[in-house]
Amino acid sequence: MTDAAGTAPDQLAGRSRFKLGEMLRSTEIDLRLFGMVAALIAIWVGLGLAKPDIISPVNFLTFSVQAAGIAILATGMVLVIVSRNIDLSVGSVVGLIGMFYAWIMADIFPITIGVDHPIGWLLALILGFALGAGIGAFQGFLIAYAGIPSFVVTLGGLLGFRGLIWVVSGGTTIAPVDKTFQLLSGGPEGSLGGTLRWIFGLVICVAAVFLLINARRQRRKFGFALRPLWAEGALAVVSVAIVLGAVYVANSYHWPAGLATQYAVAHGIQEPPGGLQIEAGIPIPLVVVIVITIAMTFLTTRRRFGRDIFAYGGNPDAAELAGINTRWTIMKTFILMGILCSISAAIAAARLNSGTLDLGQGYELYVIAAAVIGGTSFAGGIGTIPGAILGALVMQSLQYGLGFLGFNSPIVNIVAAVVLVAVVGIDTWNRRRAR
């Protein structure tokens with residue numbers, strides 16, 4: 001059958017699909033990232049159908065804080081894998097630096113600058129960053145200049161640094177850490193509340209719109225094809241809506257009644273009938289993840305260092321012939337990875353208010369999985385920072401959601417393994433088909 005214009009229904013359907021595909025392509029949205037977002041939504045919808053209680057602001061905030069450490073490391077793992085290397089030591093490095101934080105604040109500061117010194121937390125962070133950079137430089141030197149495969153070097157780091165944790169701690173937990181340092185844990189007091197939460201949200205919105213405008217200007221300047229104005233507007237609206245929606249969800253959770261009462265007593269506030277209602281705001285670990293995501297994206301897409309890494313991963317011989325100092329580039333990649341380990345360690349140690357022997361254990365597997373699920377190719381030269389963040393959210397959603405439903409760790413590990421192998425298998429199949 002045909003319509004009045006003589007067009008068959010299947011032809012009309014084909015045209016509508018064609019137009020939809022053209023619209024998606026005109027926005028230049030990475031379909032893989034779009035699929036990751038859809039998968040993340042599907043996971044939470046499925047968890048919500050299985051147990052509606054899981055869909056609540058407090059669970060989203062808890063999940064976000066738990067995913068922060070993995071997400072931070074995943075941004076660095078993207079560059080490591082893109083450069084055709086691997087880092088199996090990140091979990092042990094996080095554990096060692098986390099124990100170092102606890103040791104210096106619990107054992108060293110009391111006999112030097114004093115307990116809870118105003119700048120004690122900052123001094124600890126500076127020393128931790130220096131330690132992380134030093135570890136990264138050591139491993140990077142062995143890989144880039146000594147020519148030892150990264151798998152061997154970082155496997156040795158996984159074992160050796162985990163042993164150093166016992167040496168530093170004497171086989172015991174070290175606690176507590178500085179009170180200001182504890183704010184990195186992202187608890188009710190470790191959040192951007194009040195006016196700051198909306199200021200932060202508006203800054204992110206402005207930054208997102210500015211990046212879209214700046215990208216359009218750069219395209220016009222160098223003569224590249226421009227996205228349609230409607231596509232630019234749609235991306236801006238969606239970006240702003242997501243940011244403001246996230247801030248709203250964060251504000252929907254209030255401090256526990258007991259903690260709010262303690263706050264009222266400490267600050268001389270008269271509690272109203274029904275108790276003091278204090279909005280939790282945006283957890284500091286989530287703020288750190290957002291800042292690092294923006295910084296790492298800028299580094300990989302706008303700076304020479306990022307371009308050199310992708311060039312090397314795509315073709316090492318061509319990169320060296322093009323004049324890129326490939327050894328120094330690889331070493332800088334591992335130095336950056338060490339600094340990111342120190343940031344992740346700070347969040348982990350603050351959450352536990354101590355340095356424990358198993359801190360960071362197993363991180364390396366989830367970090368590598370997050371990067372790979374996010375689209376990073378082990379063949380080198382392919383990977384994105386936003387993809388790694390989405391990969392971390394997917395992995396942590398499965399871990400947190402299945403744990404909330406009552407499944408034990410072995411089952412969670414099995415599901416994570418199936419998802420990882422399935423995603424990599426589908427990606428490999430798609431790449432072969434594209435050829």
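The structure holds 7 aromatic pairs, where rings of Phe, Tyr and Trp (its six-membered ring) pair if their centres lie within 6.5 Å, with planes under 30 degrees apart counted as stacked, over 60 as edge-to-face and the rest as tilted. This is a predicted model, in which local features need pLDDT of at least 70 and side-chain atom pairs count only at pLDDT 80 or more, while totals for chains, interfaces and linings use all residues. Residues are numbered from 1 along each chain as its sequence is written, and side-chain values use heavy atoms, with hydrogens and water left out.

Now two of the pairs. Trp44 and Phe63 are edge-to-face, 5.2 Å centre to centre with 70° between the planes. Trp44 lies in helix H2 (residues 31-50) and Phe63 in helix H3, so this pair ties together parts 19 residues apart in sequence. Helices here are DSSP runs (H or I, at least four residues), numbered from the N terminus.

Phe63 also pairs with Tyr400, tilted, at 6.3 Å centre to centre and 50° between the planes. Tyr400 is in helix H15 and Phe63 in helix H3, so that pair links parts 337 residues apart in sequence. Phe63 and Tyr400 are both buried, meaning under 20% relative accessible area with a 1.4 Å probe, protein chains only. Trp44, Phe60, Phe63, Tyr400 and Phe404 form one aromatic cluster.

Next, Ala67. Ala67 is found in helix H3, which covers residues 57-82. Its relative accessibility is 2%, so Ala67 counts as buried. Apart from neighbours within four places in sequence, Ala67 is in contact (heavy atoms within 4.5 Å) with Leu393 and Gln396. The C-alpha atoms of Ala67 and Leu159 are separated by 24 Å.

Notes. Helix = DSSP H or I, 4+ residues; strand = E, 2+ residues; numbered from the N terminus. Buried < 20%, exposed > 50% of the residue type's maximum accessible area, 1.4 Å probe, protein only.
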